[in-house]
Amino acid sequence: MAKYDMTIIGGGSGGLTAARLATALGASVLLIEKEQLGGDCLHYGCVPSKSMIHVARVVQQAKEAATLGLVPAGLGVDIVKVSAYIQSVIERVSEGEQIYTAGVDVRFGQVFFISATELSLNGETINSRNTLIATGSRPVAPRVEGLEETGYLTNEGVFNLAHLPASLVIIGGGPIGVELGQAFERLGSKVTIIQGPGRILPREDPEVSQTVASVLTAEGISIVTNARFVKASRRGDKKVVAARQGDQLLDFEADEILLALGRQPNVEGLNLEAAGVKYNSKGMKVNDYLQTSVHNILAIGDVIGGYLFTHVAAYQASVAVRNALLPFAKKKVDYRVVPWCTFTDPEAARVGLTPDEAEKQYKQVRIVKFPWADIDRAQAESATTGFIKLVLAGKKDEVVGAHLVGARSGELLGEMALAMQHKFTLNDILAVMHAYPTMNTGIQQAVFEAYLEGEALANNRKLVRTVLSVRGRAR
């Protein structure tokens, strides 16, 4: 019987990070995956979607070339070659991830629990002191009349198309829906987004949602909100989506349907009951140490629900490995500072609390909003849409939230997350020099404006006036 200090089920970003760390710490590690390493993020999510978004942005830039004094280039889109480019990016990233399995036993196949310390892999029994479940999630497909017969796409098939659909109905206005909606519209499809809630990106600050929606609408995307997907059918060679909006039943005809309605955890087939692991439709239940109901079985990533982000899974991996291998020095997960970004153009980036959330937690809150157009680099690149919104709390103006819409705004999140992690105040950020002219200068400018409007300046003004009066004002 093979024996390991840690067995990791799932070779996505979380599983790979855990495997590399546990091996580096000296543990014997087995990593099990069904078919291929890399997970949803590499093959069907982050990597291919951002590759497609890049291609679509190049097409858009060509369309807008005349505004820069250039002769517009009439670019045609060969979706087969675009798909080939996306697959080449996946291959290159996959090659870079091979370092994560150095020194790790990697095996492929079907695995399930026999007990809390025993697993069956392709008929072979494996003994493991600790097991980490990182099986990820898959797209949600609602039980809607006619959907299976009509056919549809999800993120698992949309990046390897043989033909670009002339028209596309996207069900869901969250990050996946709006990112792919804008990309397909720019590549040449006529896109309609059907959204159940009253606005797209409902988890974001309302001003963020509105700004992104305005951009999408201006580019030709139709956004239908407060509409519930109730039926799918065929009409000739077209697919028809029926959505109920109030008392009205609306029909939308398109060449293809793309589902972007969220994710569901992969818990099937593991025989979790044999190990005593509790779970439900939302995933496995874990405590603050990422332990399931069985102390030596931990879980991370999409399979436990919550924040469904690659970077969160990687963070959880480091905590889970520590807690499994060093049980006497366990560490709790801390979700106080979780950054995320929706990669539309402009990007919508966020870390920390919204203004409403801050008002519920702090007695003293103020909001500072700075236009993206006031960043010189944004003007130079003709990318002026958006803003920086800072949420400040307490008398010292601690940064507790940042909401950004702007070109490459996701790249500014690192500084904001670091500031929040260490509870930096306005003055702490203001004291740091920012290279000019970069988009990052916008943070410094926003903080400076916040200082000019704040109580600290008012107090300093009184002090300066007192000093000047004593010394005598210059005439």
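**Backbone features**

Leu201 is buried, since its relative accessible area is 2%. The model described here is predicted. The points below begin with the backbone and then turn to individual side chains, nonpolar cores and a pocket.

*Positive phi values*

- Most residues other than glycine have a negative phi.
- Leu201 has a positive phi of about 45°, although it is not a glycine.
- The loop that holds Leu201 runs between strand E9 (190-194) and helix H7 (206-218).
- Leu290 is also not a glycine, and its phi is positive, near 70°.
- Leu290 belongs to the loop between strand E17 (283-284) and strand E18 (297-299).
- With a relative accessible area of 0%, Leu290 falls under the 20% limit and therefore counts as buried.

*Cis peptide bonds*

- Most peptide bonds are trans.
- The bond that joins Asp345 and Pro346 is cis, with omega about 10°.
- Pro346 is placed in the loop between strand E19 (340-342) and strand E20 (347-352).
- A cis peptide bond also leads from Tyr436 to Pro437, where omega is near -5°.
- Pro437 is placed in the loop between helix H13 (426-430) and helix H14 (441-453).

**Individual residues**

*Ser49 and Glu179*

- Ser49 is part of helix H3 (residues 46-63), and Glu179 is part of helix H6 (residues 175-187).
- Is Ser49 buried or exposed? Ser49 is buried, because its relative accessible area of 6% is under 20%.
- Glu179 is buried, with a relative accessible area of 6%.
- Beyond its neighbours within four places in sequence, Ser49 is in contact with Phe159, Glu179 and Leu180.
- With residues up to four places away in sequence left out, Glu179 touches Ser49, Lys50, Ile53, Cys341, Thr342, Phe343 and Thr344.
- The side chain of Ser49 reaches the backbone oxygen of Gly45 at 2.8 Å.
- Which backbone atom does the side chain of Glu179 reach? The side chain of Glu179 reaches the backbone nitrogen of Phe343, at 2.7 Å.

*Asn280*

- Asn280 sits in strand E16 (residues 279-280).
- Asn280 is partly exposed, because its relative accessible area of 30% lies between the limits of 20% and 50%.
- The backbone nitrogen of Lys282 is reached by the side chain of Asn280 at 2.8 Å.
- Asn280 and Arg471 are 191 residues apart along the chain, and their C-alpha atoms are separated by 73 Å.

*Thr441*

- Thr441 is found in helix H14, and it is buried, with a relative accessible area of 7%.
- The side chain of Thr441 reaches the backbone oxygen of Thr438 at 3.0 Å.
- Not counting residues up to four places away in sequence, Thr441 touches His434, Ala435 and Tyr436.
- Thr441 and Ile375 are 66 residues apart in sequence, while the distance from C-alpha to C-alpha is 7.0 Å.

**Nonpolar cores**

- Which members of the largest nonpolar core touch the most other members? Of its 42 residues, these are Ile8, Phe113, Ile133, Leu272 and Met284.
- Helix H9 (residues 310-325) supplies the largest share of this core, five residues.
- Met284 touches Ile133, Val267, Leu270, Leu272, Val277, Lys278, Tyr279, Ala299, Val303 and Ile304, when residues up to four places away in sequence are not counted.
- Another core lies apart from the largest one and has 37 residues, including Leu42, Val59, Ile170 and Ile200.

**The second largest pocket**

- The second largest pocket holds about 710 Å³ of space.
- Its lining consists of 26 residues, and Glu64, Asp345, Ser382, Ala383 and Ala407 lie nearest the centre of the pocket.
- Asp345, one of these residues, is also joined to Pro346 by a cis peptide bond.
- Which element gives the largest share of the lining of the second largest pocket? The largest share, six residues, comes from H3.
- Helix H3 is also the helix in which Ser49 lies.
- The lining of the second largest pocket divides into seven nonpolar, nine polar and 10 charged residues.

Conventions
Residues are numbered from 1 along each chain as its sequence is written. This is a predicted model: local features need pLDDT of at least 70, side-chain atom pairs count only at pLDDT 80 or more; totals for chains, interfaces and linings use all residues. Side-chain values use heavy atoms; hydrogens and water are left out. Helices (H or I, at least four residues) and strands (E, at least two) are DSSP runs, numbered from the N terminus. Buried means under 20% relative accessible area, exposed over 50%, partly exposed in between (1.4 Å probe, protein chains only). A polar contact is a pair of N or O atoms within 3.5 Å; within protein, one must be able to donate a hydrogen and the other to accept it, and residues adjacent in sequence count only if both atoms are side-chain atoms. Contact means heavy atoms within 4.5 Å. On a 1 Å grid over the protein atoms alone, a cavity is a set of points where a 1.4 Å probe fits but cannot get out, and a pocket is an open set with protein on both sides within 12 Å along at least five of seven lines; lining residues have an atom within 4 Å of a point. Grid points are joined across faces, edges and corners, and a volume is the space filled by probe spheres set on the points. Ala, Val, Leu, Ile, Met, Phe, Trp, Tyr, Cys and Pro count as nonpolar, Asp, Glu, Lys and Arg as charged, and the others, Gly among them, as polar. A nonpolar core is a set of buried Ala, Val, Leu, Ile, Met, Phe, Trp, Tyr and Cys residues joined through side-chain atoms within 4.5 Å.
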